[in-house]
Amino acid sequence: MKNAKPVIVGIGELLWDILPSEKRAGGAPINFVYHATQMGSDGYAISAVGNDASGSEMLRELEKNHIHHLVSTVNYPTGSVLVELQNGIPNYTIIEDVAWDHIPISESAVDLMKKANAVCFGTLAQRSPESRETISSLLSYVPEESLRFFDINIRQSYYSKELIEELLHVANVFKINDEELDLLRNMLGLKGNTDDICLRLIQDYSLRYLILTAGSAFSTIYTPNEQSTIPTPKVEVVDTVGAGDSFSGAFIHSILTGKSLQESHKKAVEIAAFVCTRSGAWPIYPKKFQI
């Protein structure tokens, strides 16, 4: 699979991360698109903002960062998340009944799905029936050969066993961290060590890749035939907001542009480490990271 400028789409939450000293654009699927775009992909955001000043500002932020968007304006407030940092580790308080809970479907979004090389989605934006229905419908148009990237992204109580299993059946790439894996172990009754469980998930859900991140310790990427493990580099952490999404965006861009599993994994680790040394989910990239 090789594409010089892959079309990469994120569907779901688009919001302002309200940090202690500033606000920054965020939302996991759109963070994913931001980082893939920084590396050279043709990135698109599908979401919704409010008919308010925060929504207009968000649209300008997308355009400034060269992210194409099919972002609807709806009669709900633009999303925001309160982010508290403890030693650089974020704790999120997510505001409910906001614009991205009401993402409408459009013909333009359907057309985009049909040409997408990769689409990122998660559980959070599917906490509301309206956005869940839109996301489910749009995913049905993604070509069979394309990457359907499910970042479980557990937040507060906005998930269920039913939803997770449904999305695993849709996905062919699955990203999870070590804490989420423990939750899934209990939820799905999975037995064995970490490798056993990850390989079992690949087999049961016909996954092409399973990405496991373990914070400051390591990350492992599994495929049906090989795996790659890299220790997490030691860096001076400012905050880890968006680090996992940067890992994902870098990995998928690298895979789609023809890099090997090991090369793609190494690039993802480098990018995530860099993001940890900057504030917010959308730092400006140095040229050395653009491939």
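## An enclosed space

On a 1 Å grid over the protein atoms alone, a cavity is a set of points where a 1.4 Å probe fits but cannot get out. Grid points are joined across faces, edges and corners, and a volume is the space filled by probe spheres set on the points. The structure here is a predicted model: local features need pLDDT of at least 70, side-chain atom pairs count only at pLDDT 80 or more, and totals for chains, interfaces and linings use all residues. Residues are numbered from 1 along each chain as its sequence is written, and side-chain values use heavy atoms, with hydrogens and water left out.

The largest cavity has a volume of about 30 Å³. Its lining residues (those with an atom within 4 Å of a point) are Glu13, Ala28, Pro29, Cys120, Phe121, Gly122, Asp151 and Asn153. Strand E8 gives the largest share, three residues; helices (H or I, at least four residues) and strands (E, at least two) are DSSP runs, numbered from the N terminus.

Let's turn to the backbone. Most residues other than glycine have a negative phi. Asn153, a cavity-lining residue, has a positive phi of about 50 degrees, and His66 has a positive one near 60 degrees.

Asn153 sits in the loop between strand E9 (147-151) and helix H5 (161-170), while His66 lies in the loop between helix H2 (53-64) and strand E5 (68-74). Asn153 counts as buried, at 10% relative accessibility, but His66 counts as exposed, at 61%. Buried means under 20% relative accessible area and exposed over 50%, with a 1.4 Å probe and protein chains only.

Conventions
On a 1 Å grid over the protein atoms alone, a cavity is a set of points where a 1.4 Å probe fits but cannot get out, and a pocket is an open set with protein on both sides within 12 Å along at least five of seven lines; lining residues have an atom within 4 Å of a point.
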